[in-house]
Amino acid sequence: MSAQAPRISFVSLGCPKALVDSERILTHLRAEGYEISKRHDGADVVIVNTCGFLDSAKAESLEAIGTAMAENGRVIVTGCMGAEPGQISDKFPDLLAITGPQQYESVVGAVHKAVPPAHKPFIDLVPEQGIKLTPRHYAYLKISEGCNNRCTFCIIPKLRGDLVSRPAADVLREAEKLVKAGVKELLVISQDTSAYGLDIKYATSVWREREVRAKFLDLSRELGELGVWVRLHYVYPYPHVDEVIPLMAEGKVLPYLDIPFQHAAPSVLKAMRRPAAQAKTLDRIHKWREICPELAIRSTFIVGFPGETDADFEELLAWLEEAKLDRVGCFRFEPVDGAAANGLADPVPQEVKDQRWHRLMQAQQAISARKLKQKVGSRIKVIVDESAGRTAKGRSMADAPEIDGAVHIQSPLPIRAGDIVTVKVDRSDAYDLFGQVG
Ligand code: SF4
């Protein structure tokens, strides 16, 4: 391994409420690429979630902080005792930070300050803005670490190793806790979501008194029973992905697939060594849409990959016209330290990369505008992200936070972040919708 993910050790003391906070902090950090360590020794930071309800609980909290200071020395304290920081800082003046209860955002901020997450545009699972601002009504749910693929532009397998899936019951328990804590939308992430469970041979674990396989379809089905929006990210078009489309048609999971296609020209996909590169993706997309017409597909692409010819790029544009994806992000290829693609022949000059990027974005903008126009006059469900009372900004089922479009809403009654409302769409532009609640 050429570098290690930052490691966090965590001590959680106190009541179920504090546990929910702990879970929230851990879920968030895991999604950002931090590893959770069982030992203080060797961790980059220790977080102690304290309880201050009784004197005995306070003593236990102080003891836990003392142990963390002795064994590691880089310690962040949060939880109930953090409401009176003086009690702690008198005894431990060298703590990195002290935050109060239910302040998971401040804890995450303190961790970022102590050990920043490295943001790498091709390989990060959580958008940079999303990391800082994740509101309480949605949460990223990470189902596995590492990756069995070896895409030539990516160093994740070198950094994190091969796929390690979490048992299904573990993921489901975490999801249930998040839902109990008020989360209304779960964003399922991993490097390769459709490969979930392969490494553990789809082992079963017990959840709600039944055996659940660690398999993409089974996990999606169970998550779909939790009564919240479930959005699937980083799905590769393996054949078994077809099985999840009926769940979308039934309304169990959101009719949304985030598939990082990265390219469409077979020679470029081969040079990238992409998983499922041979799949006849256009046929598959057409079939999916027959089963679930409201399916929204988002993807990302890389232009200017070494060896990408004009003809390859034209093929990509033609593919996009045919695929009519709902949401598209595009990167210009850039070498990442340690990636195999850096040594490939025929690098594409920067100005050609720029031209291709602009052409792709323009083409996709026109597709997006046409698709959104078709929604004018319809009624759609919208989850509210930010509200100023009677005006608010939210997202439809077709929009993931931070990376997709928005729905700008007017409402006769005040609405709050986290509410799910029905909106009549009056107008659209290239990326956003505008409408009224009702
Ligand atoms: S699928 Fe490819 S791009 Fe994604 S993490 Fe694995 S190796 Fe990297």
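**Exercise 1.** In this predicted model, find which residues Leu 219 is in contact with, leaving aside neighbours within four places in sequence.

*Solution.* Next, zoom out: Leu 219 is among the residues with the most contacts inside the largest nonpolar core, which has 82 residues. Others on that list include Ala 139, Leu 141 and Val 230. That core takes at least three residues from each of domain 2 (128-373) and domain 3 (379-437). Finally, there's a second, separate core of 30 residues, with Tyr 34, Ala 64, Ile 76 and Ala 110 among them.

**Exercise 2.** Work out whether Arg 30 is buried or exposed.

*Solution.* First, locate Arg 30: it sits in helix 1 (residues 16-31). Now count: 20 other C-beta atoms lie within 10 Å of Arg 30. The cut-off for buried is 20 or more, so Arg 30 is buried. Beyond four places in sequence, Arg 30 touches Ile 36 and Lys 142. Ala 345, by contrast, is 315 residues from Arg 30 in sequence and 36 Å away in space, C-alpha to C-alpha.

**Exercise 3.** Describe what surrounds the ligand.

*Solution.* Begin with the count, which is eleven residues. The closest are Cys 147, Cys 151, Cys 154, Ile 156 and Gln 191. Then sort the shell by class: seven nonpolar, two polar and two charged residues.

Key
Residues are numbered from 1 along each chain as its sequence is written. This is a predicted model: local features need pLDDT of at least 70, side-chain atom pairs count only at pLDDT 80 or more; totals for chains, interfaces and linings use all residues. A nonpolar core is a set of buried Ala, Val, Leu, Ile, Met, Phe, Trp, Tyr and Cys residues joined through C-beta atoms within 7 Å. A residue is buried if 20 or more other C-beta atoms lie within 10 Å of its own, exposed if 12 or fewer, and partly exposed in between; C-beta atoms are placed from the backbone. Domain bounds come from an automatic or database domain assignment. Two residues are in contact if their C-beta atoms, placed from the backbone, lie within 7 Å. A residue is near a molecule or strand if its C-beta atom, placed from the backbone, lies within 6 Å of it. Ala, Val, Leu, Ile, Met, Phe, Trp, Tyr, Cys and Pro count as nonpolar, Asp, Glu, Lys and Arg as charged, and the others, Gly among them, as polar. Helices (H or I, at least four residues) and strands (E, at least two) are DSSP runs, numbered from the N terminus.
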